[in-house]
Amino acid sequence: MKRGVALALGGGGVRGYAHLGVLEVLEGAGIPIQGLSGSSAGALAAAGFAFGHRDPYKVHEAVFDPEIARLAQGGGLGALARLFRALRRPYLAETRRLEEGLKTLFGEALLKESPIPLAIQAADLLMGEAVVLRQGPVWKAVLASMAIPGLFPPVLWEGRLLVDGDVAEKVPVRAAKALFPKVVAVDVSNPPPKEPPKTALEAALLAGEASRSRLKALALKGADLVIPLDPPFPIATFDQEKLSLVYGLGQRRAREWLREVQALAQVRLRDLLPRRLAL
């Protein structure tokens, strides 16, 4: 069997830039990356890394949408306004800016042309099942995987309405296993809240998150190794100011887990550890 690992990169908004930090460290240490699967923000990181877009600041610049940043602000009143708007229309924001950014990054590249075997996970909005994309335009697959229900419109793909891959499986471990049998899952989830919800809206959101956390735990059981981001405090999905923090945290976590990854990849430590990555 080949040496190396496949990586399953989970969703998490801006926390997804941590994936690029993890991948930078693993590649710099000489770990053979035999496959990449990604869901939501993890899809952007997986495709970006595979096609050579590895600078988190340049990737962010390409896909940043000021309208989404404004929607993410406003506290409780902003959340209430968004809720009322959601009752009048099927989604809150257009994806025109995001689509343009993805096309700038990937052009007309196809998934099957990826230098690293690549699987992008979305979800069928009507059936609720995971849809793993291995063919077709890279930009459109990533757009589908990032189409958060209610926030963005679903993406029509071969007769199916596709939305954010996190709906079906937050960390796409099974998709990674189909690429290569040894899988490292990278979970960029927030820590669980320490205080009870203060409003009915917060309680509803917390209940949904609890359900997703259970599904995530089931998915992670299929991984050979899990690298948790474990941020020191909750980082909001669209908190753009935390990009540097999460990228650096991804690098740090990769270094902390490097020996375990090396053992799983069956690469000798002296072959792969440059001095700058020494623990």
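1. In this predicted model, Asp-65 deserves a careful look, since this residue is buried and yet has no salt bridge. The nearest side chain of opposite charge belongs to Arg-97 and is 5.9 Å away, whereas a salt bridge requires the nitrogen and the carboxyl oxygen to be within 4 Å. Asp-65 is found in the loop between helix 3 and helix 4 (66-71), and, if its neighbours within four places in sequence are left aside, Asp-65 is in contact with Glu-94 and Arg-97.

2. For orientation, the chain has 12 helices and 8 strands, and buried residues make up 49% of its 279 residues. Among the contacts in the chain with a separation of 6 or more, 76% are between residues 24 or more positions apart.

3. Which strands pair with strand 3, and in what sense? Strand 2 (residues 33-39) pairs with strand 3 in the parallel sense over 4 bridges, and within this pairing Ser-37 has Ala-119 as its bridge partner in strand 3. Strand 4 (residues 130-133) pairs with strand 3 in the antiparallel sense, again over 4 bridges, and here the bridge partner of Ala-123 is Ala-130 in strand 4. Strand 6 (residues 160-163) is also antiparallel to strand 3, with 2 bridges, and Asp-124 stands opposite Leu-162 in strand 6.

4. The hairpin of strand 3 and strand 4 has 5 residues between the strands, and in this hairpin Gly-128 takes a positive phi near 75°.

5. Side chains of opposite charge can pair when their charged atoms come close. A search of the whole structure finds 11 salt bridges, and one of them joins Glu-129 to Arg-160, with the closest N and O atoms 2.5 Å apart.

6. In the bridge between Arg-174 and Glu-169, the closest N and O atoms are 3.6 Å apart; Arg-174 counts as exposed at 59% relative accessibility, whereas Glu-169 is buried, with a relative accessible area of 5%. The side chains of Glu-256 and Arg-253 meet in a salt bridge at 3.1 Å, N to O, and, being 3 residues apart in helix 10, these two residues are separated by about one helical turn. Glu-256 counts as partly exposed at 38% relative accessibility, while Arg-253 is buried, with a relative accessible area of 10%. Elsewhere, salt bridges that share partners join Asp-124, Glu-129 and Arg-160 into one network.

7. The structure also holds 2 aromatic pairs. The rings of Phe-51 and Phe-106 have their centres 6.1 Å apart and their planes at 75°, so this pair is edge-to-face. Phe-51 lies in the loop between helix 2 (41-50) and helix 3 (56-63), and Phe-106 lies in helix 6 (residues 96-106), so the pair ties together parts that are 55 residues apart in sequence. Phe-51 counts as partly exposed at 21% relative accessibility, whereas Phe-106 is buried at 6%.

8. The other pair is formed by Tyr-57 and Tyr-247, whose ring centres are 6.4 Å apart and whose planes are at 70°, so this pair is edge-to-face as well. Because Tyr-57 lies in helix 3 and Tyr-247 in helix 10 (residues 243-256), the pair ties together parts that are 190 residues apart in sequence. Tyr-57 is partly exposed, with a relative accessible area of 41%, and Tyr-247 counts as buried at 12% relative accessibility.

9. The charged end of Arg-54 sits over the ring of Phe-49, 3.7 Å from its centre, and the charged end of Lys-103 sits over the ring of Trp-139, 4.5 Å from its centre.

Note on methods: Residues are numbered from 1 along each chain as its sequence is written. This is a predicted model: local features need pLDDT of at least 70, side-chain atom pairs count only at pLDDT 80 or more; totals for chains, interfaces and linings use all residues. Side-chain values use heavy atoms; hydrogens and water are left out. Rings of Phe, Tyr and Trp (its six-membered ring) pair if their centres lie within 6.5 Å; planes under 30 degrees apart count as stacked, over 60 as edge-to-face and the rest as tilted. Buried means under 20% relative accessible area, exposed over 50%, partly exposed in between (1.4 Å probe, protein chains only). A charge sits over a ring if NZ of Lys or CZ of Arg is within 6 Å of the ring centre and within 35 degrees of the ring normal. Two strands pair if DSSP finds at least two bridges between them. Lys and Arg count as positive and Asp and Glu as negative; His and the chain ends are not counted. Contact means heavy atoms within 4.5 Å.
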